Amino acid sequence: MSERINEETIEHLAALARIELEKDSRKNKKLISDLSSILDYFEDLNTVDTEGIPPAVGGSFVKDAYRKDEVKDVSKESLLKGQFPNSENGFLKIPPVFE
Amino acid sequence: MNTHTFTIRSLYDGFRKKEFSAKEITEFFFRRIEEKDKEIGAYLSLTKNHAFDVAKRADELFQKNTNIPLLAGIPLALKDNMLFEGTKTTAGSKILEHYISSYDATVIRKLKDQCAVLLGKTNLDEFAMGSSTENSAFHVTRNPHDLSRVPGGSSGGSAAAVAGGLAVASLGSDTGGSIRQPASLCGVVGLKPTYGMVSRYGLIALASSLDQIGPFAKTVEDVAMVYDAIKGHDEHDATSIPDEQPETHHYDSDYAKQLVVGIPKEYFIDGIEKEVQKGVNEAIEKFKRLGVRFKEISLPHTKFALSCYYIILPAEVSANLARFDGIRYGNISNLKSQISNLKELYEKSKGMGFGPETKRRVLLGTFVLSAGYYDAYYGKAQKVRQLINNDFTKVFDDTEDGVDVILAPTSPTRAFKIGERASDPLSMYLSDIFTIPANFAGIPALSVPVKQYVVGSGELPVGFQLIGKKMHEKDILALGMYYEKN
């Protein structure tokens, strides 16, 4: 079983990804063991010789895509603003960024 | 009337001959959804007001009888990860439970332009991550052929809606097989087009280098008709291919017959369910009887596609899902008392809003991109992805040695039981083993049922895949039509 993922790494990853983990330690143990077996599965890639092979980039067949830089209405303002969970005078309200 | 026998072609002819109106057909489908969807669970929400408005407009078009688009009045369903202005789009996630789309995805605008009747939004694995639709935050979807089994995923709702006669056709999205695998498990046809042929503007992104929107229907001809309606260049999607492509839905048996089909030995491995093997062999035999030529080919890096995918996909997911931070939409109002700063808002929104599989993949993606592991995982996977792409380039060579189309099984098994693979993510991931390579290479692939499967017969469907060259949808659709019409 892979040793790369343990309780400490999972907390670090969750902090990087800004996800609060469950308080239930059993569920987190299962998460660690699932991730470890997935990483073990990836070991087969080490048997492939990739010497001199450039990494694939994206999936696009288009080289450059340009369009005119014009202002267009794509969304209804009321529908966009109507989603705000918290607002004041039509502005989005969030907790302080700098404290 | 029996919704199972309706096709786009038969409805269009019926509308023209005034055998029934679009309004009557729309009423009929909503009644059927009311009766049957309690047990199938294909839909997450219905868009009745829109549907009846458009049905009325379609009937007016048929009254005037001029320039009627092929999809006018046709009842369609949409996977709930495509934005449809003014309606709920959840992506199967709690974090978007109350989200109302503020604009139309390009595919939806195109369907509206055709006066297609959009019945509602279908269930999916959360953010399209899964192969069974069990990862939806809202409910499971059942396979109409056996209600104790999954419809496949992630576009399981769209596949089940067509198989169960709850829509004539539908749209799904395919990142690693999410259209083709559920099509195979539900006994319907599903197409993943060439990357860039259908605009992804307004599709909630999963893995941007792999995602593609495509249609489901009961016949290849219907799938081609929907594909023709939704394809084409869109300036809102930077990966959208500007080249025009001719219509694909016109049946041409002479064209189909001259195509050379390759059988890759790496797709016929131990571990395939024997009924799948038997079904795919039957399909090959039928093609041979119809005069299609076959060649044995090799795609040597196929077996590494799964590992590559579950590195590259989570990596892209971890970036794409970062935007769901709970600020512009979400449940912040319920959390107000517990939150003192921005970081807590992000962490609580994502912690409460994302389901277990989504969290698993975001964390996995964060890991494979993190300092110290990037080269070993993500870098390595992208190099192997290149080798997988090179395999296709080689067999699709334009010289005499090359083939035009590849035939392979779509899924290694038929529909599995609900709950059977839910606790073991790796066993679930193996469902995608034959569908992933086409997404890596960006090439089109079509899943076709081996035969017509009747709901209620007790038989579980098997599908096969026709994989084509880049932008050669015409080849796989022509072969598929040749198969189903003979």
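What follows is a conversation about a predicted model and the terms used to describe it.

This is a predicted model, in which local features need pLDDT of at least 70, side-chain atom pairs count only at pLDDT 80 or more, and totals for chains, interfaces and linings use all residues. Residues are numbered from 1 along each chain as its sequence is written, while chains are lettered from A and ligands numbered from 1 in the order in which they are written.

User: Why is B:Thr141 called buried?
Analyst: A residue is buried if 20 or more other C-beta atoms, placed from the backbone, lie within 10 Å of its own, exposed if 12 or fewer, and partly exposed in between. B:Thr141 has 35 C-beta neighbours inside 10 Å, and therefore counts as buried.

User: Where is B:Thr141 found, and what does B:Thr141 touch?
Analyst: B:Thr141 is in the loop between strand E3 (117-122) and helix H5 (156-163) of chain B, where helices (H or I, at least four residues) and strands (E, at least two) are DSSP runs numbered from the N terminus. Leaving aside residues up to four places away in sequence, B:Thr141 touches several residues, including B:Ile40, B:Asn123 and B:Ala160; two residues are in contact if their C-beta atoms, placed from the backbone, lie within 7 Å.

User: What makes H7(B) roughly antiparallel to H17(B)?
Analyst: Helix H7 (residues 220-230) of chain B and helix H17 (residues 473-484) of chain B pack at an angle of about 150°, with their axes 8 Å apart. Axes are lines fitted to C-alpha atoms, for helices over the stretch in contact, and angles run from 0 to 180 degrees between N-to-C directions. Angles under 35 degrees count as roughly parallel, over 145 as roughly antiparallel, 65 to 115 as roughly perpendicular and the rest as oblique, so H7(B) is roughly antiparallel to H17(B).

User: Why is H13(B) called largely enclosed by the rest of the structure?
Analyst: Of the 13 residues of H13(B), 10 are buried, so this helix is largely enclosed. Among the buried residues are B:Val362, B:Leu363 and B:Phe367. The buried residues of H13(B) pack against H1 and H2 of chain A, together with helix H10 (305-320) and helix H14 (375-395) of chain B.
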